[in-house]
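Subject: Handover of a structure

Dear colleague,

Please find below the structure that I am passing on to you.

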Amino acid sequence: MADSSFDIVSKLDRQEVDNAVNQAAKEVATRFDFRNVDAGIKWSGESIEIQANTEERANAVLDVLKDKLVKRGISLKAIDAGEPKLSGKVYKLGVGLKEGIAQEDAKKIGKIIRDEGPKGVKAQIQGDELRVSSKKKDDLQQIIALLKGKDLEVALQFINYR
């Protein structure tokens, strides 16, 4: 019998992120507390740019974006928000998007699987993802439950379960 396996990845659904940004922009444009404060949110290349006339308003726009991302099923671990910086008369805040599992994080996840998971489960690092394989499907289910219970710095998805 062949080994069962699944892949651990950290990917973003770009369409859902785009929808969340558009919804946040619409809410910022119509909300009373954002009127006449030069607040806005838009794509800037591969990241999202937030601007407002005060630092507090920029953080409030970020909170609106986070709320929209959560409602669309995007983990907040996948965004990397900086601090608002004064640029001319407005504060700008860059929000980066994190995809892929970094080498150090992949090694940590592999160590967790080896140390705390069932015996006979193998984890291989393949670029920016991990392949976990075992002879028993029940062991793979235990690994998924184990990793969901851990508080890791990356948003994980489990795909290609076979």
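The notes below describe the domains, the sheet and the helices.

This is a predicted model, in which local features need pLDDT of at least 70 and side-chain atom pairs count only at pLDDT 80 or more, while totals for chains, interfaces and linings use all residues. Residues are numbered from 1 along each chain as its sequence is written, and side-chain values use heavy atoms, leaving out hydrogens and water.

The chain is divided into domain 1 (4-11 + 101-159) and domain 2 (14-97); the bounds come from an automatic or database domain assignment. Their centres, taken over C-alpha atoms, are 32 Å apart.

An open, antiparallel sheet is formed by 4 strands in the order β7-β8-β1-β9 (strands are DSSP runs of E with at least two residues, helices runs of H or I with at least four, numbered from the N terminus; pairing requires at least two DSSP bridges). Its edge strands are β7 (122-126) and β9 (157-159). Between β7 and β8 (129-134) there are 5 bridges, and I125 has L130 as its bridge partner in β8.

Helix α1 (14-30) packs against helix α2 (55-71) at about 135°, with the axes 9 Å apart (axes are lines fitted to C-alpha atoms, for helices over the stretch in contact; angles run from 0 to 180 degrees between N-to-C directions). The contact (heavy atoms within 4.5 Å) includes V17 and A20 of α1 and V61 and V64 of α2.

Yours sincerely
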